[in-house]
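This report describes the fold of one protein chain for a reader new to structural analysis. Please examine the sequence and the structure together.

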Amino acid sequence: MKRIQVWNYLSEYDEMRDTILSAVDDVFSSGQLILGARVATLEADLASYIGVSESGVGVNSGTDALFIALKSLGIGPGDEVITVANTAIPTVAAIVSTGATPKFVDVDAATYLMDCNQLPAAITPQTSCILPVHLFGQCADMAKISEIAKQHKLSVLEDCAQSTGATFNGKKSGQFGDIGAFSFYPTKLLGAYGDGGMILTNSAELQDKCRRLRMYGMDGSYYAEEHGYNSRLDEVQAAILSIKLKTLDVSILRRRQLAARYFERLKDTELILPVEASSNQHAYYLYVVRHPERDRLINSMADQNIHLNVSYPYPISLMRGYAYLGYQEGDLPVTEKLAKEILSLPMYPGLAEEEQDRVCDALQGLLN
Ligand SMILES: Cc1ncc(COP(=O)(O)O)c(C=O)c1O
């Protein structure tokens, strides 16, 4: 039986092969491979798609987008940044790379997003920034987060790595905070054929600063105005991303249709299905369900050549790499429970309905 994966880009490539190869050939023939016209076009087009006033800053990954955004906000040693522990490691790694200290709040048991009610108690005189993660394609409550940040004069950096095109109260993620950080990692909603990321903001000053920081701290000439980094987006990735940006809304719609089909097929099983908050339009980067016997399900599905995944099996607060932060088991009960119970079902625009039916049939065979 044909293998079904959680994510697969090959059907997309089959469809777009000629367009992509011709765009790549155009880049190779253009004489400009890094930070050229195609990157500038993507920076302008993604800013306009998301709805921010300043052109974006293309960088070489979502991790760098977070790191450079934090640096531009002046975050460093002595600062605390409040975030969540059920996220991809890079959210936390970017904070640690600046020398600041991540501080975790738990997540909401229904949406798995930052529990805003825990923010006030987590704020200390050292807190400088709130870093919500729009996990699995759904936005955290940016109204509450913005209000708390304003009250306490904190900056807000949105981790939009998993939410390009997802909306909160009708507006796209990335326009609520001081800065939004996006990832173009291939699996993402807007995925490259390699690595890439972008920073978006409404502040000309922050945009300027990020532009300098992504290239050795220079302003144009071979002269560093400040200590900077090397984090550039290349023309090949930008050219491919511009093609894919044109169909991003269609691909999100397709994901939402697949999510609705999953819901119909699985709503009467004992699986806990994703909850879309009423303020949100979920983009279903991942379709994450919950079951106490998660590992049994994953193994039995693999026997039927259906390969599921867990994002994420370990709370970052309990990882050895971050043990020095001092978190113990029991500190983040919802996050810890989710890590043991969640699993992701196949979800990508090229997933055929027959394949999705096979996933649902197999699950129904394993569940009450
Ligand atoms: C929530 C989140 N933040 C940050 C990142 C980092 O992005 P990248 O892999 O492009 O560095 C990712 C992707 O892996 C992510 O899912």
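Which residues touch the most other members of the largest nonpolar core?

The model is predicted: local features need pLDDT of at least 70, side-chain atom pairs count only at pLDDT 80 or more, and totals for chains, interfaces and linings use all residues. Residues are numbered from 1 along each chain as its sequence is written.

Ala69, Leu157, Ala181 and Ile199 touch the most other members of the largest nonpolar core, which has 102 residues. A nonpolar core is a set of buried Ala, Val, Leu, Ile, Met, Phe, Trp, Tyr and Cys residues joined through C-beta atoms within 7 Å; a residue is buried if 20 or more other C-beta atoms, placed from the backbone, lie within 10 Å of its own. Helix H3 (residues 62-72) supplies the largest share of this core, six residues. Helices are DSSP runs (H or I) of at least four residues, and strands are runs (E) of at least two, numbered from the N terminus.

## The chain as a whole

The protein chain contains 12 helices and 14 strands. Of its 368 residues, 46% count as buried. The C-alpha trace spans about 65 × 55 × 35 Å along its principal axes.

Two residues are in contact if their C-beta atoms, placed from the backbone, lie within 7 Å. Beyond its neighbours within four places in sequence, Ile199 has contacts that include Gly56, Ala69 and Ala181.

Elsewhere, residues of H1, among them Met16 and Ile20, meet residues of H8, including Ala239 and Ile243.

Key
Buried ≥ 20, exposed ≤ 12 C-beta atoms within 10 Å, placed from the backbone.
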